[in-house]
Amino acid sequence: MTRPIELWYWPTPNGWKVSIALEEMGLPYELKPVNIGAGEQFAAPFLAISPNGRMPAIVDPDGPDGQPLAIFESGAILQYLAVRSGRFYPQDPRGKAEVDQWLFWQVGGLGPMAGQTHHFRQYAPAMIRDQRQIAYGVRRYTDETHRLYGVLDRRLADRDFVAGDYSIADMAIWPWILPKLQGQTLEDFPRLKAWMARVGERPAVIAGRALGDDLLRSLAASGKAAEEARKILFGQRAR
């Protein structure tokens with residue numbers, strides 16, 4: 001019997017990408033919560049798995065050579081799981097390239113830009129007194145996220161999923177479309193809106209998105225605990 005994959009995880013868009021993939025692929029996994037608001041991502045045992053100090057990460061106890069294999073970075077994890085399961089990742093070079101470019105579009109574009117939108121729209125007002133800096137950051141990243149929504153909306157003009165068939169590219173992108181948090185409205189992007197609904201009704205997506213909901217505490221909340229979590233997460237420097 002295949003031993004379960006360890007999923008080192010916290011319920012955020014990057015975490016949801018991997019929990020959705022594991023559910024979609026039917027791979028057995030064991031949840032290993034990493035409370036990023038408490039700084040658990042900087043603990044030595046986790047850094048041995050994820051040197052960047054970021055979740056998600058996985059450990060496959062039955063790696064390709066029969067030995068445990070640890071992987072960090074969500075894009076690399078999705079590629080590994082797709083190859084391991086033989087699902088949601090084309091075998092032909094052209095199909096694989098289609099998936100890869102949209103997977104990297106998410107990890108290099110949508111994720112970082114939408115993440116900065118979250119930061120300036122939700123967290124920065126609690127941390128920065130200069131409102132001019134906050135306003136600039138909000139406008140800069142909200143506009144860029146709007147542009148990226150437009151890229152995706154155009155891509156979906158003649159297809160149901162971003163790379164043809166449903167794939168790890170859809171699993172990577174879907175969790176990062178959070179219009180209310182990003183100052184967007186899906187009414188401006190009808191094809192994106194339809195795709196969001198199409199992907200979001202899949203049972204495995206529902207299950208993966210809900211994983212660990214009971215663990216989550218809003219970092220935008222007021223109070224001492226939320227303020228301490230923000231100090232841990234933001235402004236980190238090399239140690």
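# Helix packing and local geometry

Helix α3 passes helix α4 in a right-handed crossing, a crossing being right-handed if the near helix is turned clockwise from the far one by less than a right angle, and left-handed if anticlockwise. The model is predicted, so that local features need pLDDT of at least 70 and side-chain atom pairs count only at pLDDT 80 or more, whereas totals for chains, interfaces and linings use all residues. Residues are numbered from 1 along each chain as its sequence is written, and side-chain values use heavy atoms, with hydrogens and water left out.

**Overall make-up**

- The protein chain contains nine helices and four strands, where helices (H or I, at least four residues) and strands (E, at least two) are DSSP runs numbered from the N terminus.
- Read from the N terminus, the order of elements in the protein chain is β-α-β-α-β-β-α-α-α-α-α-α-α.
- The protein chain has 239 residues, of which 48% count as buried (under 20% relative accessible area, with exposed meaning over 50% and partly exposed in between, for a 1.4 Å probe and protein chains only).
- Its accessible surface comes to about 12,100 Å², and 53% of that area belongs to carbon and sulfur atoms; accessible areas come from the Shrake-Rupley method with a 1.4 Å probe, and for residues only the protein chains shown count as cover.
- Of the contacts in the protein chain that link residues at least 6 apart in sequence, 67% join residues at least 24 apart, a contact meaning heavy atoms within 4.5 Å.

**α3 with α4**

- Helix α3 and helix α4 (residues 93–123) pack at an angle of about 150°, with their axes 10 Å apart; axes are lines fitted to C-alpha atoms, for helices over the stretch in contact, and angles run from 0 to 180 degrees between N-to-C directions.
- On the α3 side the contact is made by Ser74, Gly75, Leu78 and Gln79, and on the α4 side by Asp100, Leu103, Phe104 and Val107.
- The residues of this contact divide into four nonpolar, three polar and one charged, where Ala, Val, Leu, Ile, Met, Phe, Trp, Tyr, Cys and Pro count as nonpolar, Asp, Glu, Lys and Arg as charged, and the others, Gly among them, as polar.

**α1 with α3**

- Helix α1 (residues 13–25) packs with helix α3 (residues 74–85) at an angle of about 5°, and their axes are 10 Å apart, which makes α1 roughly parallel to α3.
- From α1, the residues Asn14, Lys17, Val18, Ala21, Leu22 and Met25 meet Ser74, Ile77, Leu78, Leu81, Ala82 and Ser85 of α3, a contact with eight nonpolar, three polar and one charged residues.

**α1 with α8**

- The axes of α1 and helix α8 (residues 203–210) come within 8 Å and cross at roughly 140°, so α1 is oblique to α8, and the crossing of the two helices is right-handed.
- Trp16, Ser19, Ile20, Glu23 and Glu24 of α1 meet Ala204, Val205, Ala207, Gly208 and Arg209 of α8, and by class this contact has five nonpolar, two polar and three charged residues.

**Val18 and Leu7**

- Val18, which lies in helix α1, is buried with a relative accessible area of 0%.
- Neighbours within four places in sequence aside, Val18 is in contact with Leu7, Pro56, Ile58, Ser74, Ile77, Leu78 and Leu81; the C-alpha atoms of Val18 and Pro56 are 7.4 Å apart, although the two residues are 38 residues apart in sequence.
- Leu7 has its place in strand β1 (residues 5–9) and is likewise buried, with a relative accessible area of 0%.
- Residues up to four places away in sequence not counted, Leu7 touches Val18, Ser19, Leu22, Tyr29, Glu30, Leu31, Lys32, Ala57, Ile58 and Leu211; Leu7 and Tyr29 are 22 residues apart along the chain, with 6.5 Å separating their C-alpha atoms.

**Backbone features in loops**

- The peptide bond from Met55 to Pro56 is cis, with omega near 10°, and Pro56 is placed in the loop between α2 (44–47) and β3 (57–60).
- Glu73, in the loop between β4 (69–72) and α3, has phi near 75°, a positive value in a residue other than glycine, and counts as partly exposed at 42% relative accessibility.
- Phe88, in the loop between α3 and α4, has phi near 65°, a positive value in a residue other than glycine, and counts as buried at 14% relative accessibility.

How values were computed. Parallel < 35°, antiparallel > 145°, perpendicular 65-115°, else oblique.
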